[in-house]
Amino acid sequence: VDQHSRMDLLKLKEELQKCLVKKIPVIGVTVVFGSTQEGAVDDLENLLRIREVFETKGLTFYIHVDGAWGGYFASCLVQKDKLIRMRLSTYSSRNNVTRSPRPVRRKACDQFLDAKLSAHFTTQLVCLSQANSITLDPHKSGFCPYPAGGLLYKNGNIRKFLAQTAAYVSHGTGKNDEINLYGIDGSKPGAASAGVWLSHKVIGLHNKGYGLLLQQCTFSAGVMYALWCSMERRQDPFTIVPGIPIKESFKKWTKSKIRSDILEAETGVLRLNEEAMDFIRENGPDTLINSLSINIRYWDKKTNTWQNNKNVEKQKDFINKFYKRCSHSYEKPSMVDRGIQVILNSTIWTKNENGGAYKYMKEALGLDEKDDESIGVIINTSMSPWLRAQKTFKRVGIIIRNEMYNAYGAIHDEPQNLKLVSPNLTNSPEWSGSIFAELETSFSNPSLCYHALGRFVFDSKDIKKIQEISSGKLLLRIVTREKMTVYDLMTGGDKENINQTPTQERKPSSRKNFAMENIKDKIEFYSDSDFHYQDIAMPEVSVTVFYETKDGKIHGEVDTKMKLGRVLRYQHLGRDFVDEDDYPPSQEYFLYADDKTAYLSHCPNRWPDFQQQIQLDQIPVPQAKAEVKNCPELFQEAMKRGVVVYLPQCETGGRPVLSRSKTKTTVCRDPLESHFYNALAWSDQGAFTGEMEQITLKFYDVGKRWFNGKKTNAGYCKEDFPHLYKQEGGRWMDRREDDSDYEVDSSDSDSDS
């Protein structure tokens with residue numbers, strides 16, 4: 001294939017010429033309309049011309065179009081009222097705009113946007129009628145259930161080669177032939193075929209049916225491509241390369257321009273921005289599949305520039321670690337909620353299979369040219385017709401960038417004896433051995449620069465030992481006995497036990513008779529909170545558990561083991577610093593709960609900042625919304641996964657309150673002077689919709705459990721982070737982003753803004 005992952009027609013002509021000279025017959029050439037890994041559409045138009053030329057020399061061949069992905073896009077060119085294909089000039093006209101017949105009314109948006117197909121793709125679709133046969137997969141861009149599939153012949157007689165007859169089967173009479181006569185379905189049920197027929201009838205194979213849906217999906221894929229193109233920041237320790245390069249005519253589009261004009265634009269503004277809509281239409285994949293690759297890089301202090309990693313194996317290791325946080329490998333009954341928020345796919349590109357695209361990608365990533373091993377590639381498919389451009393993709397970008405930073409840390413972090421703090425009280429006879437615990441963060445140590453919080457379960461045989469050393473409201477602390485990285489703790493590293501066989505039935509047989517008439521019963525039945533310790537599909541972590549008094553003295557110690565039961569939060573604080581210009585506008589906390597108790601943990605943002613844990617008096621309940629059924633139950637379920645809350649009542653806003661210290665150590669003070677706050681809760685789903693819940697937080701009883709405003713900030717020196725700061729006039733200043741498509745200036749002459 002060529003640089004754009006399409007069939008290399010120059011090499012094809014070379015092979016055809018060899019066959020002509022050696023008088024080797026060519027049975028056929030397959031043209032792909034939407035490759036599975038790259039979404040590329042081959043150049044059928046020029047292939048037809050090549051066939052014409054070779055036919056004059058005495059060589060011809062059959063042309064088959066693999067339209068499994070791209071075949072349904074032909075409906076974009078079919079006019080609904082006339083059911084005929086429109087001219088290319090008519091389709092490309094700016095006046096020819098297809099809109100949803102009944103727009104969905106939303107805030108600042110009266111419709112879902114769609115993008116016309118690229119000029120290349122529409123040209124190939126016009127040539128479809130000249131192919132000899134076409135395959136279609138309704139279970140792909142036809143939105144039908146698997147295993148629907150179709151095969152179309154230009155010459156109907158070809159199907160007779162596949163005819164299979166049986167004396168005991170009626171084959172119809174006249175023109176009403178039995179369909180199974182010409183296929184290999186045999187006695188398979190006809191539900192898939194019936195479903196395809198019904199979908200075609202209801203949706204319609206025209207520009208206001210399937211055509212509109214697929215153009216809306218094309219818009220989603222185009223915006224996702226824009227996200228990949230603009231995701232990299234100058235201060236990032238990695239570089240991102242889309243599988244399809246931006247066209248030369250759009251090279252003036254810098255990363256900042258893509259973000260401002262597409263990703264951050266309101267829907268109505270974007271719809272009227274013809275230049276931006278042209279960018280979406282003409283760049284990226286031909287169909288709905290984005291491919292890209294990522295490589296880590298290192299800061300060269302001598303030249304003040306990033307140097308790309310050249311080792312191919314290390315690049316694939318980074319991709320694998322990133323992919324692990326963007327995919328699911330577990331199935332029930334032993335599935336662990338790892339806090340996965342985005343689902344992507346991965347593959348590899350090889351020199352033989354990917355040709356020009358492989359060469360382009362390796363050069364762009366800066367990998368060793370002499371190493372011909374495969375390179376790691378990420379894939380994402382955009383098949384939702386109903387997405388907005390602004391907050392949805394902005395949120396997706398934040399999630400993905402965070403996982404890239406986590407993957408970078410997985411490779412470069414130094415193993416540590418990790419220290420965790422738990423807000424739980426464990427002296428109750430009813431305590432089951434499950435706790436919440438949070439990593440003790442350090443801004444000065446890159447290997448500990450995380451806000452990591454999870455639900456952990458102790459080995460059942462040691463629960464009584466832990467209870468015996470507990471005393472009142474003393475703080476529970478945990479230290480890993482073996483050195484490990486935060487990534488290993490929060491993912492299981494390479495020791496995870498995927499889909500292990502459960503040792504016993506998870507749900508008691510009595511629960512099988514649940515009527516499950518309300519949402520609370522359903523949530524309880526399908527929850528993972530009752531995993532037995534031995535059935536949690538995560539590796540055991542050897543730890544020392546002890547309690548700490550207010551003056552820092554250790555009270556009792558127990559050596560035991562624990563497993564990670566759920567990832568609540570796994571944020572790399574380096575990403576926060578790079579992405580955000582300042583602290584959030586109000587104090588940001590993370591709210592989480594089990595069935596009986598709710599807790600708050602402060603979300604550290606950047607140096608200097610603090611950590612804090614608080615036990616609430618009761619589980620917060622959002623103000624009821626008439627239009628949202630089961631709102632309290634759903635919010636409580638969301639709290640088990642964790643939600644972000646803001647405290648606008650804090651007079652200091654989101655910035656920390658600094659103490660006057662006689663030493664050089666920066667110390668943060670507790671900004672919460674009250675025990676009652678009205679808060680705004682923003683779950684992950686809320687971040688997509690922009691809707692926030694009003695809740696009340698009270699903590700008069702147990703209240704504040706832990707505050708860390710000194711150790712978190714200790715030892716931080718800007719000189720240790722030259723990719724984030726630069727020395728100017730004897731002072732270390734923030735490096736401000738230059739989001740253009742840049743080559744970093746080795747003279748380090750970029751100006752501060």
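**Close-up views of a predicted model**

View A. Beyond its sequence neighbours up to four places away, I400 is in contact with M224, W228, M231, F322 and V342. I400 and F322 are also among the residues with the most contacts inside the largest nonpolar core, a set of 53 residues. Elements that give two or more residues to this core include α6 (210–230), β8 (289–300), α10 (312–324) and α12 (391–412). A second, separate core comprises 44 residues, including M7, L9, W69 and C144.

**View B. Salt bridge between R297 and E232.** The two side chains meet at 3.3 Å, N to O. R297 belongs to strand β8 and E232 to the loop between α6 and β7, 65 residues apart. Both residues are buried.

**View C. Salt bridge between R566 and D337.** The N to O distance is 3.4 Å. The pair links strand β17 (residues 554–572), which holds R566, to the loop between α10 and β10 (345–349), which holds D337; the partners are 229 residues apart. R566 is buried, with a relative accessible area of 8%, whereas D337 is partly exposed, at 23%.

**View D. Salt bridge between K596 and E430.** These side chains meet at 3.0 Å, N to O. K596 lies in the loop between β18 and β19 and E430 in the loop between β12 and β13, so the pair ties together parts that are 166 residues apart in sequence. K596 is exposed, with a relative accessible area of 64%, and E430 is exposed, at 61%.

**View E. The largest cavity.** This cavity holds about 110 Å³ of space. Its lining has 15 residues, of which R6, I244, E282, G284 and D286 are the closest to the centre. The lining divides into four nonpolar, five polar and six charged residues.

How values were computed:
Residues numbered from 1 in each chain as written. Predicted model: local features only at pLDDT ≥ 70, side-chain atom pairs only at ≥ 80, totals over all residues. Heavy atoms only, no water. 1 Å grid on protein atoms, 1.4 Å probe; cavity = no way out; pocket = protein on both sides within 12 Å on 5 of 7 lines; lining within 4 Å. Points joined across faces, edges and corners; volume = space filled by probe spheres on them. Nonpolar A, V, L, I, M, F, W, Y, C, P; charged D, E, K, R; others polar. Core = buried A, V, L, I, M, F, W, Y, C linked by side-chain atoms within 4.5 Å. Buried < 20%, exposed > 50% of the residue type's maximum accessible area, 1.4 Å probe, protein only. Helix = DSSP H or I, 4+ residues; strand = E, 2+ residues; numbered from the N terminus. Contact = heavy atoms within 4.5 Å. Salt bridge = Lys/Arg side-chain N within 4 Å of Asp/Glu carboxyl O.
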